[in-house]
Amino acid sequence: MTDWTEPGAFEVAPGVHRIPLPLPMDGLRAVNVYAIDTGDGLTLIDGGWAIEESRTLLEKSLASIDRQVSDITRFLVTHVHRDHYTQAVTVRREFGSHVSLGIGDKPTLDLIHDPDVEEDPYVEVLRTSGAGQMATDWGTYTAEMTPDLTLWEAPDTWLSGDHEIAVGQRTLEAVSTPGHTQGHYVFADHGDGLLFAGDHVLPTITPSIGFEPKLAGQPLGDFLNSLAKVRAMPDLRLLPAHGAVTGSTHARVDELTAHHDVRLDLCREAVAAEPASSYDVAARLPWTRHERKLKDLDLFNSALATLETRAHLELLVARGEMTRTLTDGVHIYAIP
Ligand SMILES: [Zn+2]
């Protein structure tokens with residue numbers, strides 16, 4: 001089987017091409033954007049990360065199907081993450097393409113532009129999650145970073161609710177799927193049986209949950225509801241943002257749901273043994289498919305793991321299976 005990150009423009013349905021774009025220094029390795037021929041231009045699902053390598057490869061890949069970047073009239077971006085959103089913004093600046101994004105991601109964009117935010121928002125949430133050292137390290141690590149605000153300009157249209165979007169001869173159903181981020185959208189093409197899934201349903205990995213600068217109340221609950229929503233639709237081929245195209249969205253949704261059921265069980269067991277913070281529970285759980293320990297993950301991944309654990313514990317609190325109390329500024333979970 002060829003590597004899905006191999007450059008090119010790969011036809012997945014008539015007039016629809018998968019174009020993997022590079023993510024150097026990123027564990028995900030590449031992001032798929034999907035170019036849909038509309039008859040008088042291209043609509044892209046996701047834009048890629050605004051870096052030179054990505055832009056060059058987008059040009060080259062489009063050239064292989066006799067198209068160019070200036071043909072892109074519209075971007076339907078699945079969510080605000082840099083590897084999906086930022087290149088849509090830079091291409092729009094040059095060619096005036098129209099960009100849309102889910103309204104649920106507006107708080108994240110607003111936060112990036114808020115001049116009054118002094119401390120990275122993850123520092124406080126890591127602290128209350130019981131990860132004091134991690135919070136300090138995170139603060140040090142992010143203090144040196146200033147986002148390039150020109151990459152984070154607002155979209156032309158905020159998507160809200162579920163609705164149909166005409167793309168050439170096709171009709172895409174824009175389906176709000178909060179979870180990975182609050183503004184996440186997937187786009188279903190029922191005519192050709194395709195689901196442009198963004199990061200909502202990924203074929204070999206699970207999308208991060210609860211890792212948003214503006215924390216959602218129940219990110220895991222939202223994600224599981226959004227999985228159920230996609231499961232209730234007719235089964236479609238899965239066109240993910242990271243990974244190869246697969247035959248069945250339903251099959252992967254079932255695996256993801258089962259994965260989180262197991263993680264919820266593990267959280268319950270960990271807290272039943274002893275009341276604990278999100279950090280303590282994360283330290284007791286295995287991470288990644290290689291079953292690594294929290295202390296062996298780098299700063300970024302251990303923060304992801306801690307916040308994802310927090311999302312699982314918060315869902316168990318919402319279901320009445322656990323209690324949460326604030327002790328010395330740290331949320332402690334217990335079985336009542
Ligand atoms: Zn993402």
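User: Which residue in β4 is the bridge partner of isoleucine 36?

Analyst: This is a predicted model, where local features need pLDDT of at least 70, side-chain atom pairs count only at pLDDT 80 or more, and totals for chains, interfaces and linings use all residues. Residues are numbered from 1 along each chain as its sequence is written. Strands here are DSSP runs of E, at least two residues, and helices are runs of H or I, at least four residues, both numbered from the N terminus. Strand β3 (residues 30–37) runs antiparallel to β4, joined by four bridges, and the partner of isoleucine 36 in β4 is threonine 43.

User: And on the β5 side, what does leucine 42 pair with?

Analyst: Two strands count as paired if DSSP finds at least two bridges between them. β4 and strand β5 (residues 72–76) run parallel with four bridges. In β5, the bridge partner of leucine 42 is isoleucine 72.

User: Which residues of α5 are buried?

Analyst: Buried means 20 or more other C-beta atoms within 10 Å of a residue's own, exposed means 12 or fewer, and partly exposed is in between, with C-beta atoms placed from the backbone. The face turned away from the buried side of α5 carries exposed Gln133, Thr140 and Ala143. The buried ones are Met134, Ala135 and Trp138.
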